[in-house]
Amino acid sequence: MTSKSANKGRLTDRKRAAIMEAAVSELKQNGFDNTSMDRIAEVASVSKRTVYNHFPSKEDLFAAIVDELMSRCQLIEVSDYTPGEPIATQLSDIGQTAVDLMASPEFQDLARVTLSRFLQSPDLAREMMIDSTQFEAGLIVWLETAHQEGNLQIPDAQLAAKQFLGLIQSFAFWPPLIGKEAPLTEVQKKQLVESTVSMFLAQYSC
């Protein structure tokens, strides 16, 4: 690729990112129905033609925002179960990863935008969120392995995974999302992970 082509590609990427950022901001403030592509172009400081070159419709732009949310979910992975390493340590690492994602301002903004739209269209939510459970699936595999190794007693790994993540979501995700509470501090995040792991192990330790 020539230097000229590379520069053009970077400019295109920056414009796309600016459009996405503007769309999240406007959708968060005004909702899907009250946000126009013209306004997004204005906030992004690009032409309307540039917006439509990247996203033929507002629905396509929204789908791209959902894809961004899902890609962030896919970036977090549950590490393989490590024989010999303390269960509490491994669970704490998993919990910390989940907390850091759920509490991040960027993830909260994306979630706020998509959830408001999904509440109006449950069918759209089911269609777009089909691959959103990868992290939970990884945790299920980890729990099943810990059970097979005899370090945890878990008759239903799927239920246990939902319980573990549900405890974290209840404090790190939902309260800040709906504006009920301020985002967790780093100290509060650590305390949440410690208490979640302690409660979980009290239920499922052998």
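Visitor: What makes up the chain over residues 36-55, in helix and strand, and how far apart are the end C-alpha atoms?

Guide: Over residues 36-55 the chain is 75% helix and 0% strand, with the end C-alpha atoms 13 Å apart, where helices (H or I, at least four residues) and strands (E, at least two) are DSSP runs numbered from the N terminus. UniProt, in an unreviewed entry, places the feature "DNA-binding region" at these residues, although such annotations may be inferred rather than shown by experiment. This is a predicted model, in which local features need pLDDT of at least 70 and side-chain atom pairs count only at pLDDT 80 or more, while totals for chains, interfaces and linings use all residues. Residues are numbered from 1 along each chain as its sequence is written, and side-chain values use heavy atoms, with hydrogens and water left out.

Visitor: Why is threonine 35 called buried?

Guide: Threonine 35 has a relative accessible area of 3%, and buried means under 20%, exposed over 50% and partly exposed in between (1.4 Å probe, protein chains only), so threonine 35 counts as buried. Threonine 35 lies in the loop between helix H1 (3-30) and helix H2 (37-44).

Visitor: Why is helix H9 called roughly antiparallel to helix H10?

Guide: The axes of H9 (residues 157-177) and H10 (residues 186-204), lines fitted to C-alpha atoms over the stretch in contact, come within 10 Å and cross at roughly 155°, on a scale from 0 to 180 degrees between N-to-C directions. Angles under 35 degrees count as roughly parallel, over 145 as roughly antiparallel, 65 to 115 as roughly perpendicular and the rest as oblique, and therefore H9 is roughly antiparallel to H10.
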